[in-house]
Amino acid sequence: MSVNFEHFLYGGDYNPDQWLEYPDILKEDIRLMKQAHINTVSLGIFAWAKMEPAEGVYDFGWMEETIDRLYENGISVNLATPSGARPHWMADRYPEVLRVNEARQRALFGERHNHCYTSPVYREKVRRMNQKLAERFDSHPGVILWHVSNEYMGECHCPLCQQAFRNWVKEKYHTIDEVNRRWNTAFWSHDYQSFDQIESPSSVGENSIQGLYLDWRRFVSHQTTDFCRAEIAALREAGAKKPVTTNMLYKSPWVNYFELADAVDIVSWDSYPFWHKGAESQTAVNAGMRHDVMRSMKGESFLMMESCPGAMNWVPVSKLKRPGMLEASSLQAVAHGSDSVLYFQIRKGRGGYEKLHGAVIDHYGKEDDRTYQECCQVGADLEAIQRLHHSKVEASVAVVYDWENRWAVEASAGPRNENMYYREAVEKSYGAFRRQGVNVDVIDMTKSLEPYQVVAAPMVYMFRAGFEEKVRAFVERGGVFIMTYWSGAVDENDLCFLGGTPGGLMDVMGLRSTEIDALYEGESNTLRVAESGVSGERERFRFVWRRRIWHKKSARFRYGHQKRLWRAAFDAWRGGLPL
């Protein structure tokens, strides 16, 4: 489903359930929102205890009044399912909904996202809640979007999840002999005799089999995505027809977002760059790449579901945004394909963990507040550029950033066992193209390479999803493919390729990787080019570029664009250093 709203969505998370005893504040909130050009709020994200204060007792009256009042004032609702934080009565009555950690200890009630995605009880409670919400509110003209849960994260190692994992492994490999072969369990004599012996990785148990680790990560991602699909199915079964999203993080180690994106109608994510910490230009490159990751998942516009109008309270240092930074970062998201600028949060809460997190409306509660005034300016900006709404970003270059490859790199047990800097390596290549003004898609190894002229794949340690064949076909068609160190070392089970690396691509790349040396923190190395120097290397690269693009008669771009692509590709090839 391609989703195109009538205008940029502007607003953010609103929590009237925390202010039901203050009707004057709720009334004033609407006045301040309208004055700030806010047209959309996300509602009900962590409100389960107010929606179902006791098991089977539902109270949606306060929510309906809120939605009605917002709609009457021209403010639409992105309505959430509350599965991100379950009520106390559920944990008390059904302990199986609480997670078990990797040391096999069950958690107490508390925090959020402390629930088991496998638990039949939790799935049933969520199904009933979602159906009640859909039956009550999907037809309301003020509801424009469903927002399932919030930032799906974490993993559970309970007995229910262990059995589900064994079933998942059995369905994938069929026999225990195949598991032993693919995981290379002969190392340290860790062969399995039956599927019943398989358990998730643990610091107090098995944690030396990388194949087990990778498949556990895949299972957790699968189980999370399956839970998301079950939430959406409950809405649809109850008659919901509005589009569905869920807000993603950027560095989530638990969920492969390219997989989760297939479950929703529109991708949305929570953007929290560390502005004013280090070079602003580098922060801008990092933030831009994160937006492009989200845009590239479906090749369509996305939603910036959360951003912070002030200081983030959950970081080591809660830094205020300097004047103008909110406007700049908001418009950057739009330039990269966002159809929204949404904040966490509309009004600061009085208590709780996020009471000091930035918000449109401060505890002060008046409009003569700097952050509020800057939010007003962003709202006015979005109305002024309305014609750019839902613009499509066209990219002739792609950079590969693969979730499963990241898992493998981080668990490879060498050449470094900490700080492998995979993401940073990708950002270097991405930044090289962006500095030349080139639009960039950020894709994983499952995506097609056909739409692109240039593809950079830094640190693709693991080849999966037929990536070698895609690269070979891409180069044969005249595409320019750039690969770095620590690439093509292992297959999808973290088994090393035999016969040389990069596995299956030595002839395409024209080289064999012989050694790799890890550097200590603070240590550096240099590259000395023999004989002709860097300028000679540039000319050689120019020749390769001409041979692969012009000789193959791929003259789909004007010379100026080709020149920018060549400069950017050469820049990325040299490791992101400026020309």
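Tyr 250, Tyr 257, Phe 258, Trp 269, Tyr 401, Trp 403 and Tyr 422 form one aromatic cluster, where rings of Phe, Tyr and Trp (its six-membered ring) pair if their centres lie within 6.5 Å, and planes under 30 degrees apart count as stacked, over 60 as edge-to-face and the rest as tilted. This is a predicted model, in which local features need pLDDT of at least 70 and side-chain atom pairs count only at pLDDT 80 or more, while totals for chains, interfaces and linings use all residues. Residues are numbered from 1 along each chain as its sequence is written, and side-chain values use heavy atoms, with hydrogens and water left out.

By the ring rule the count comes to 28 aromatic pairs, and two of these are set out below.

| Pair | Centre to centre | Angle between planes | Class |
|---|---|---|---|
| Trp 48 and Tyr 122 | 6.2 Å | 35 degrees | tilted |
| Tyr 250 and Tyr 401 | 6.1 Å | 20 degrees | stacked |

The pair of Tyr 250 and Tyr 401 links distant parts of the chain, 151 residues apart. Tyr 250 is buried (under 20% relative accessible area, with exposed over 50% and partly exposed in between, for a 1.4 Å probe and protein chains only), at a relative accessible area of 4%, and Tyr 401 is buried at 1%. Trp 48 and Tyr 122 are buried as well.

A charge sits over a ring if NZ of Lys or CZ of Arg is within 6 Å of the ring centre and within 35 degrees of the ring normal. The charged end of Lys 277 sits over the ring of Phe 274, 5.5 Å from its centre, and Lys 366 lies over the face of Tyr 364, at 5.7 Å from the ring centre.

How values were computed. Helix = DSSP H or I, 4+ residues; strand = E, 2+ residues; numbered from the N terminus.
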